[in-house]
Structure formats: structure tokens, C-alpha cells
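Colleague: I would like to learn how to read the fold of a chain from its strands and helices. Could you take me through one case?

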Amino acid sequence: MNNYRPEGCLYKTALNQKLISTPEGLAEAMEKGIILEARAVVCDSGHNLIAELPCGKAIIPREEGAVGISEGVTRDIALISRVNKIVCFKVTAVKSGGAFTAILSRKAAQLECTQNYIEKLLPGDVIDAKVTHLEQFGCFVDIGCGLPSLIPIDAISVSRISHPSDRFRVGDNIRAVIKSSENGRICLTHKELLGTWEENAAAFEAGETVSGIVRSIEEYGVFVELAPNLAGLAEPKSGVKAGQSVSVYIKALIPEKMKVKLIIVDACQDIPPEPGPEQYFFTGSHIDRWRYAPASSGKVIGTVFSQES
């Protein structure tokens, strides 16, 4: 079991709530080296984080706010952006004389996570992640204790999207696959968990009219996404635009050509598409290889995971 989860996963657990509620609980966590979580409520002028605990004030000194801060590798925006969010930490001191104060270290939790978890990950391992922010080029996620990694936009799904927000929202808990792991630097992919062409096509049949999302418009037709890993080509139709919800008639599903032929029936002006929870066809903890293309197509489209990939 992975004990190093994305920030926020431990906060409401009974053990976490018990230990952050009293000085004695914090002292116990310090003695046993337990990673806890609390909400950061202030980043002061010195960029020290102030955490909100039921038993009193707790401080995460700037240099202890994240791995790389003291070396200048991590910018202070990584601390400022934690305000009003859950942060993980290890307790380094509990001062009960006079006003109660606890000294915490998020950096210590991250270093332990790196040593005991992230450095042991192998290509093909499937992990939990939490979406932290979205850029045009990809989706940044927390893979444990606030440590970041990136899913490039072309690795999010087979169906092409214009922006990661077409697929995810900040705060989403998702799954991802280790594409490569070298010197603690993790590269992720996601599409391999969303099923093969055949697995996705099995949910549809010719003659049905179903909903879809326009992903791109070309001179020769309109690409419509039926599922994150399945898109089809519709005949050209005026008045539709990328990102729009449409209803489509399925003319044919052709596995040997990996084609889905569609006709756009109607554009849905009042129902903007929204990203929803992903359906993961692969639910295991490790994947060695993934073949997207049907065997009948003669095409080799997929991913082979190895330490050299």
C-alpha cells in the first residue's frame, strides 16, 4: 500500500485528525515520524507558511516549505500558492512553554516520500495523482506529498484535445502510468489506462445515435470524440465548432481500418461539454505493454514500458 499520497488524501482520516488536535498528538507524530496534514492559512512576509491546527499555531519555515527552496531550485511561488490548501508535514518541534507553537517541515515529508516511494517507481507502475494546475502543454499533478510531475497533453488521451481542461479539472484525483523514471524525475502518461480501440468501440454499434464532442474541423470532415480514446470522422457540416457537443449517427465501425464513420445529426447549443470522471479500463498496479490498435488492423500502435523507455 502506498503511504505517500497526494496532499489532501490524509487530512480527514481519523488518525490525522486525532494527532493534529493536541500537543500530545503532535509529540507522538514527531516521535514516530508520522506524516500529517493541515490547512495552510497564511504565507507571511518572510514566506513562512502558517498552518491551522486545532491545538494552536504551527509554522513551516520558508526553507522547510518545499524541496529545493533553500537551494533556489524551487521558486517561492510554490509556497505562496499553498495558502488555503492542505499541506503535508512532519513535526520537528513542539513548544509548550508560554504560547504553544509547533514547528513543521513539509520538506522532510517530501524527502521521505522521494526516498521511500518515488525513487522506487518503475516504468509501467500505475499510481494515484491529483491535478494541481493545467497549462496548454499538459497537466501538472501531485504524485505524493506535493511533489509535482507532468502529463504532456498528447499523453492524456488518444482523442486529441485542445487543452488539458477538456479532460481534467484542478483537484481531480486521477490515475497515471510511469512512462520513465530517472534520477527521481518522473515522466507520466495517462491514455494507456483509457482502453484500446476495441474496448471503447464495444460500447457503440452501427445504427445508434449518440452524443459526442467536436475536437477538430478539417476540409474533409469533422472529428468527433465518442470517448476519450475513441474518435470518429463525420461528414462536413456547417455551423459546428471545436469543443461543441453534438449528436451523431453511427454509420459504421470498422476495426480493420480503425475507423468510425459518423453523421452529425444536431449541434447542442445549450449543453456545453464538461469533463467528467474518467473510465479506466485498466485498474491494475502495473502495465508492461499496451496495444491500442486492433490486431485485425495490422497496425502497431501502443506503448511498451521498460526502464529504457
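Colleague: What share of the 309 residues of the protein chain counts as buried?

Modeller: This is a predicted model. In the protein chain, 44% of the 309 residues count as buried, that is, under 20% relative accessible area. The accessible surface comes to about 15,700 Å², and 51% of that belongs to carbon and sulfur atoms.

Colleague: What are the overall dimensions and the secondary structure content?

Modeller: The C-alpha trace spans about 75 × 45 × 35 Å along its principal axes. The chain holds 5 helices and 17 strands. Of the contacts between residues at least 6 apart in sequence, 63% join residues at least 24 apart.

Colleague: How many positive and negative side chains are there, and how far apart do the centres of the two sets lie?

Modeller: There are 33 positive and 37 negative side chains, with the two centres 1 Å apart.

Colleague: How should I read the pairing of strands?

Modeller: Strands of a sheet pair through backbone hydrogen bonds, either parallel or antiparallel. Here, one closed barrel of 5 strands has the order S1-S2-S3-S5-S4, with mixed pairing. Its twist averages 50 degrees from one strand to the next.

Colleague: Which strand pairs with S1 in the antiparallel sense?

Modeller: Strand S1 (residues 36–43) pairs that way with strand S2 (residues 49–53), over 4 bridges. Cys43 stands opposite Leu49 in S2.

Colleague: Where do helices H2 and H4 lie on these strands?

Modeller: Helix H2 (residues 23–32) lies across S1, S2, S4 (86–95) and S5 (101–105), at about 100 degrees to S4. Helix H4 (residues 106–116) packs on the sheet and touches S3 (56–60), S4 and S5. The direction of H4 makes about 115 degrees with that of S4.

Colleague: In what order do the strands of the closed barrel that includes S11 run?

Modeller: That closed barrel of 5 strands runs S11-S12-S13-S15-S14, with mixed pairing. Neighbouring strands are turned by 50 degrees against each other on average, direction ignored.

Colleague: What phi does Met258 take in the hairpin of S14 and S15?

Modeller: Met258 takes a positive phi near 55 degrees, in a hairpin with 4 residues between the strands.

Methods
Residues are numbered from 1 along each chain as its sequence is written. This is a predicted model: local features need pLDDT of at least 70, side-chain atom pairs count only at pLDDT 80 or more; totals for chains, interfaces and linings use all residues. Side-chain values use heavy atoms; hydrogens and water are left out. Helices (H or I, at least four residues) and strands (E, at least two) are DSSP runs, numbered from the N terminus. Buried means under 20% relative accessible area, exposed over 50%, partly exposed in between (1.4 Å probe, protein chains only). Contact means heavy atoms within 4.5 Å. Accessible areas come from the Shrake-Rupley method with a 1.4 Å probe; for residues, only the protein chains shown count as cover. Lys and Arg count as positive and Asp and Glu as negative; His and the chain ends are not counted. The place of a charge is taken as NZ of Lys, CZ of Arg, CG of Asp or CD of Glu. Two strands pair if DSSP finds at least two bridges between them. Axes are lines fitted to C-alpha atoms, for helices over the stretch in contact, and angles run from 0 to 180 degrees between N-to-C directions.
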